[in-house]
Amino acid sequence: MPFRSNDLVDDIMQSAPHTIRVFLAFRMACVGCPIATFHTVDDACREHGIDREKFLAALSECVPA
């Protein structure tokens, strides 16, 4: 499942719950946040000062085989 920078944070966490640990590892307070339904990955990374490409790579790496 490829994740993109324009995917909504909440959609990712709901469709792939195993990704929640990545959000937490990057210290992103998106889990349970009402803004997660509106924020894209790009928005969240910018808001939290996180490198988008590193974050997307970490999301992709956590996908079970």
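This is a predicted model: local features need pLDDT of at least 70, side-chain atom pairs count only at pLDDT 80 or more; totals for chains, interfaces and linings use all residues.
Residues are numbered from 1 along each chain as its sequence is written. Local features require pLDDT of at least 70 and side-chain atom pairs pLDDT 80 or more, whereas totals for chains, interfaces and linings use all residues; side-chain values are based on heavy atoms, without hydrogens and water.

The largest nonpolar core holds 19 residues. A nonpolar core is here a set of buried Ala, Val, Leu, Ile, Met, Phe, Trp, Tyr and Cys residues joined through side-chain atoms within 4.5 Å; buried denotes under 20% relative accessible area, exposed over 50%, and partly exposed the range in between, with a 1.4 Å probe and protein chains only. Val9, Phe23, Met28, Cys30, Phe55 and Leu59 touch the most other members of this core. Helices H1, H2 (20-25), H3 and H4 each supply at least two of its residues, and the largest share, 4 residues, is that of H4. Helices (H or I, at least four residues) and strands (E, at least two) are DSSP runs numbered from the N terminus.

Leu59 lies in H4, which spans residues 52-61. Leu59 is classed as buried because its relative accessibility is 0%. Beyond the residues up to four places away in sequence, Leu59 contacts Phe3, Ile12, Thr19, Val22 and Phe23, a contact being heavy atoms within 4.5 Å. Phe3 and Leu59 are separated by 56 residues in sequence, while their C-alpha atoms are 7.2 Å apart.

Helix H3 (residues 41-48) has Val41, Ala44 and Cys45 as its buried residues. These residues lie on the same side of H3 because they cover an arc of only 95° around the axis, the arc being taken over the directions from the helix axis to the C-beta atoms. The buried residues of H3 pack against H1 (9-15) and H4. Exposed Arg46 and Glu47 are carried on the face turned away from the buried side. Gly49, with a positive phi near 70°, follows H3.

With a disulfide defined as a pair of cysteine sulfur atoms within 2.5 Å, the count is 0. The closest cysteine sulfur to that of Cys30 belongs to Cys33 and is 6.5 Å away, too far for a bond. For Cys45 the closest cysteine sulfur is in Cys30, at 8.3 Å, also too far for a bond. Cys30 counts as buried at 7% relative accessibility, and Cys45 is buried at 2%. Neighbours within four places in sequence aside, Cys30 is in contact with Val9, Met13, Phe23, Ala36, Ala44 and His48.
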